[in-house]
Amino acid sequence: VRPPNAPTPIPTSSSGSGFLISRRLVVTNNHVVANWTTITCFVGDQSIDAKVVATDKDIDLSLIWLTRDPPLETKQFSLGDSSAVKQGRRVFAMGYQLPDILGAKLSVQEGVIGAITGLAGRSSQYQIAMNVHPGSSGGPLLDEHGCVVGIVVSKLGVGYLLDTGDVPQGLTFAVKGDLIRLLASTIEAKDWDVHSCPVNPEMNLEQITETYSSGVVRIVAKN
């Protein structure tokens, strides 16, 4: 436990998750990659340098570009329609949570859309009934068809506990997936293509994991 009035430790690195929406374009959160000089993406058994090509601090969203192609078998995600997502819809999250404790292994979870607005009523977010942990930030939120409908961004945690005395359980927020398109449209280079989601059959968590796990990226950023 940090003593009262002790200085906040200065982090030496940042870790999180991301996912490919084209051959080299990766979606993640701004807070995962902002203000770091080097960004490394771990895709399968390869480590690939990356650079930020677009960011929106207000909604905590960034796009990063891999400096070389990932393995050919790497999955690319397609974007669903966030406006069609309703309260109570089943969703799936994928990410590299708590890598220092659990190791660099992908975690998958299932939950539901608890509300179609997020923290403090933000229209750019969903509230999700799902318990995620540090390292999950930037991972994809998928519907039953494997379409990206959001990006995991945060959960209520220690700060809320200190303010209220209550321990929040399973209260997570995600940026709505339609905002990826808006951010991608600001990139000058157009040697990529963001795919809209085709009509796929419904899948369970096991099928989602088997089909899409290769496209989820572990990100480490340092100075």
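The model is a predicted one, in which local features need pLDDT of at least 70 and side-chain atom pairs count only at pLDDT 80 or more, while totals for chains, interfaces and linings use all residues. Residues are numbered from 1 along each chain as its sequence is written, and side-chain values use heavy atoms, with hydrogens and water left out.

Strand E8 is also joined to strand E7 (residues 107–115), in this case by 3 bridges, and these strands likewise run antiparallel. Gln127 takes part on both sides, for it is the bridge partner of Ala115 and stands opposite Phe173 in E11. Over the protein chain, the secondary structure comes to 5 helices and 12 strands, where helices (H or I, at least four residues) and strands (E, at least two) are DSSP runs numbered from the N terminus.

Of the 223 residues of the protein chain, 47% count as buried; buried means under 20% relative accessible area, exposed means over 50%, and partly exposed lies in between (1.4 Å probe, protein chains only). The chain exposes about 11200 Å², of which carbon and sulfur atoms supply 52%, with areas taken from the Shrake-Rupley method with a 1.4 Å probe and, for residues, only the protein chains shown counted as cover. Among contacts (heavy atoms within 4.5 Å) with a separation of 6 or more, 68% are accounted for by residues 24 or more positions apart.

The count of disulfides, each defined as a pair of cysteine sulfur atoms within 2.5 Å, comes to 1. This disulfide is formed by Cys147 and Cys197, whose sulfur atoms are 1.9 Å apart. The pair links distant parts of the chain, 50 residues apart, with Cys147 in the loop between strand E9 (140–142) and strand E10 (148–155) and Cys197 in the loop between helix H4 (178–184) and helix H5 (205–212). Because the torsion about the S-S bond of Cys147 and Cys197 is about -80°, the disulfide is left-handed. Cys147 has a relative accessible area of 6% and is therefore buried, and Cys41, at 0% relative accessibility, also counts as buried.

The loop between H4 and H5 also holds Asn204, which counts as partly exposed because its relative accessibility is 32%. When neighbours within four places in sequence are left aside, Asn204 is in contact with Arg90 and Phe92. Asn204 and Phe92 are 112 residues apart in sequence, yet 9.0 Å apart in space, C-alpha to C-alpha.

The largest pocket has a volume of about 290 Å³. Of the 16 residues that line this pocket, the closest to its centre are His31, His133, Pro134, Gly135 and Ser137. The largest share of the lining, 4 residues, comes from E10. The count of cavities of 30 Å³ or more comes to 1, and the largest cavity holds about 50 Å³ of space, a volume being the space filled by probe spheres set on grid points that are joined across faces, edges and corners. Strands E6 (90–95) and E7 each give two or more residues to the lining of the largest cavity.

Methods:
Two strands pair if DSSP finds at least two bridges between them. On a 1 Å grid over the protein atoms alone, a cavity is a set of points where a 1.4 Å probe fits but cannot get out, and a pocket is an open set with protein on both sides within 12 Å along at least five of seven lines; lining residues have an atom within 4 Å of a point.
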